[in-house]
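Subject: Structure handover

Hi,

Here is the structure I promised to pass on. My notes on its salt bridges follow below.

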Amino acid sequence: MRIVLRSLSHPKLDVLSIADDLCSIGRDTPPFASVRVAESTGLAVQHACIFRKDKEFYLIDFGAGGATLHNSRALPPKYPIKLAVNDELGFAGFKFRVERDSRGEREAVSPPMAPVQLALLPVSDGVAGEAIAIHGVPPLLIGRDMLLSAPVEDANAVPAAIKPLSRCHALLFLRGDSLHVMDLGSTNGTWRGTERIPPYTALSVGAGDTLAFGTLRLNYTVRIRRTDDAHAANQEPDIEETANSSGIYAVGRTVYIKKGANSFLKMLADHLDETPAGPVKEKAEIATPDPASRKPMGKARAFIRELRTALGSERPRHRAWLAGGSIAVVLAAVAVLYLHNAPQREIRALIEQGDYRAGLLQAGEYLSQHPGDAEMSALALQALVKETVPGWQADIEAGRFAAAADRLRKTQAQAIPESGALLGLLEWIGDLESFLSERGGRNAPLTLFQDEQAISTLLERWNAVARDYELLSLKIADWTPDFQNLRRRVLSQQRLLRNEQAIYLKAIATLEQSLRQLLARGNADEALAHLDRFALQYPRIVGLAPLRADIAQFETLQRAAKDQDLGNLLDWREVAFSTPWVRETATRWLEEQLPPAEVLERYQTALAAWKVGNVRQAIALLKPLLRERGGLIVAAKLEHFQQVTDAFERLPAARGQPDYGERLLGLSHILHPAEDRFFLDALAEDLRLQRQTLSARAKTLFQQAASHWEEYRRRGGISGLMRLEQTVSPSFKQQTRRLAQAYEAASAGARIYDLLRQDYPETTRKLYEDILAETRRQRQSLADLRLVMKSTLLDAKLQLLPDPRTLSP
C-alpha cells in the first residue's frame, strides 16, 4: 500500500506522496519550500520523517521545531508512531490527512526488487569483547534500547558498544534500489567512514562501507545480500520463539531483527508492562483489586505503553513468560536513560527556579564538551534569553540604548549554538529603536541625504537573516512574555521602514539622479525648479534648504564661466558645498571648464606680471594660450588687458579736456579691485583732483535715479498680475525700463562715491537701498513662477530686469 498526505490547512499545497522507504519533512523540502516565510517559521529545516517498514508507515518527530501532532496529540521527539488511513497530522501549523494512494495502486508497477538482507559486522580493531553484530532487513532503527537485548556477562553493566548510543540513534533504509543511512539527531553522532553525517541528512551506503555509531572506535562493516528467495532473506538462527515475540533476538553477541518486527520499542514496552510472577494463590483467595487502590503507572512505563498502543502493538498476550534476565535488561535500559538525561533535568530545574545564570553556566560547560546536544542547546538558549532579555529590554524601553548595547557586548555565551543569532537580533532591535528615537519617532519626517543610509542598512541586516530572526523572536516572546509587545512594535517599525524605502528613498534617489544630470548640463535654474516640485510632492522630506543653497551657488559659478571670468572661477575651487555630490559635480564641471594645469600656471605668471604693471609681458604670455583648451577664457582676459592698456595709454592725452573726468571715470569702472590694483593706484591722484567734478556727476546721477524711481512708483510698480501675464506686455516693458534706468543711475552714482572713497548722503543711500531691494524682489517674485510659467517666457521677463548679483563667491 502507498499513502499520500493531503493538506487541510493550505489547499494550494501539492499532495505529498510517500513513495520511498523514507520521506523527509522540513521547510526546505517540497511542498513546504513554496510557502511564504511567515507561514513556515515554526517548521524546522529537518522537522520530521515518515518511513515505511513491511507495508506499514511510521512517523518520527525530530524535536527540532514546533510540535508534531497525530490526531491532535503532540508526539514526543524521536519516538515512531504507526500511521493509518484518515489520521490527521500537524507540522507547526500545517495540517494533513493520511489517504490511500489509489493512483499508485492503479498504475502498473515494476517487478519488486530482490529482498535485501543487511549485516553490520564489528571491525577487528573495535573495543575488544564489547562489539555487537546486527543482522536484519531494512529499514532498521539503530538505538541503545534495541542493542540492550544482547546478553552480557554482568547484567548490571552496559556494553561499551551501547554507551555512546542515543535511544533513536540512526535509521538504515532503502531509497529506490540503494541503502541509505540517516543520523536522527543523536548526541554523539554517526559516521560513514571518517565523515560525520550531519543530523537528519541521508547518505547512501554501499557494501563494504564502514559505519560508526556514537564513536569512531566502534566501526561496523556493511554487508548487503540480495536474494530472490524472500524466506532466505529473512532467515534467522534456530531460536525457540517465546510468547512475546518482539521480533528482536540475541544469539551470543549478535542481535537479529526479524522482518515485520515493530522495532525495539515494542520489546521495551512489553518488558515494562509485565508484572513479576508471585506466589500462586487459590482461586478462592483471588480478589478483584480495588481500582482506587491501584498504584499509578510509572512515567517511563506509561509513556512506552502509550507509544506501543499508538504503534498498533497493543494486543492480548500471555505474560507468564517474563524471566529475571529480561527484568535486568529493562532496568539497565531505564537506568541508562535516566542517567543520560540527568544534566538536562538539573538545568531545567534551575531554569524553573529562576536561577538562570547558574543554568546558563552549567549548560555552557556541558555544551563545550558535547556541542551536538540539541536538547541541551535549547535549554541553554532559554536560560540565556531569560537571563539577558529582561534587563536589556528595560534599557531599551527607557531609551538607554548605549547601556543596552554594552550589556550585549558583555554577554559570554560562545558555546551556545544560537547565541550569535540571539545577540544579533537584540543588537538590531536596539539600533532600530535608537535610530527612530534620534529621528523624533516613527512619524517624524525624513531628513534629505541623512536618513537614507541608516534605513537601508537596517533593512539589509534584517533581510540577511529574516527567517532566523522571525523564528527566534517567537521563542523569546514565549520564554519572556513581556517581550511580546516590543516584538509587535519592532515588526511594525520594520514594515514602516520598508514603506519608506519603497516610497521616499526611491524618490530621493530619482531626485538626485535628475539633479546630477541637470547640473552636469549647466541647467541650474531648471534644477531649482525640479527641487521645488519635489518639495511640494513629498512634504514629509525635510532638509532641502542646504541643497537649494548649493544649487544657487552652482548657478553663480556657471554665470562666472559664461562671463569668462577665470579669476573668479579659480576662486570658486575653494568654495564649500553642504551636499557632497553637488561638490563632486561642481568640481568635475570646473575641471571641464578650466584650462589644463600647465596653461593655468602660465596664466598665473601673466597675471602676476600684470599686477605689477608689466603690461606688455602679461599680454605676450597670454597670446600663445589662446590655442589651448580653455582658450575662450584666456581670450576674455586678454581682451580685458588690451582694453585697460589702450584706455590707460590714451588718458594722458585727454588731460585738461572737458571729457577727461568722464574718461577717467569710464576707465575706473572697468578696473578689477584686486587684479587691476596697479592702474587704480596710478589713477588715485587724478581721481582726487577730479573729486569736485565727479561729486557733481554722482549727484546728477542720483537725481536721475530719483526721477525714474518716482515715475516707476507713481505708475504702481510691477504688480503680481503683470508678472503673471502670459506675454511680455508693453506696460511690463515700460515699468521694467523705468526700474532699470533708476537702478543703473543709482549704481553709477554709488560707484563714483566708492571710487572717491566718499560717504553717501543719507537720502542718497536710502534711495539706492530702496531701488536695489525692489530690483531683487521683482527678480525673486518672477523666479518663484518657475512651476507655472514657461521657461522661455520667464527668461524673457528676467532679462528686462537689472541683475544686482555680483560674481564674487
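The count comes to 29 salt bridges. Keep in mind that this is a predicted model.

Start with Arg-489 and Glu-433. They form a salt bridge, and their closest N and O atoms are 3.2 Å apart. Arg-489 sits in helix H14 (residues 483–520) and Glu-433 in helix H11 (residues 419–439), so this pair ties together parts that are 56 residues apart in sequence. Arg-489 is partly exposed, at 29% relative accessible area. Glu-433 has 9% relative accessibility, so it counts as buried; the cut-off for buried is under 20%.

Next, Arg-516 and Glu-584. Their side chains meet in a salt bridge at 3.9 Å, N to O. Arg-516 is in helix H14 and Glu-584 in helix H18 (residues 580–593), and the pair links distant parts of the chain, 68 residues apart. Arg-516 is partly exposed, with a relative accessible area of 25%. Glu-584 is partly exposed too, at 40%. This pair also belongs to a network of salt bridges that links Glu-512, Arg-516, Glu-584 and Arg-588.

Last, Asp-686 and Arg-655. This salt bridge spans 2.9 Å, N to O. Asp-686 lies in helix H23 (residues 677–689), while Arg-655 is in the loop between helix H21 (631–650) and helix H22 (660–669). The two are 31 residues apart and link distant parts of the chain. Asp-686 is buried, with a relative accessible area of 11%. Arg-655 counts as partly exposed, at 45% relative accessibility.

Best wishes

Terms used: Residues are numbered from 1 along each chain as its sequence is written. This is a predicted model: local features need pLDDT of at least 70, side-chain atom pairs count only at pLDDT 80 or more; totals for chains, interfaces and linings use all residues. Side-chain values use heavy atoms; hydrogens and water are left out. A salt bridge is a side-chain nitrogen of Lys or Arg within 4 Å of a carboxyl oxygen of Asp or Glu. Helices (H or I, at least four residues) and strands (E, at least two) are DSSP runs, numbered from the N terminus. Buried means under 20% relative accessible area, exposed over 50%, partly exposed in between (1.4 Å probe, protein chains only).
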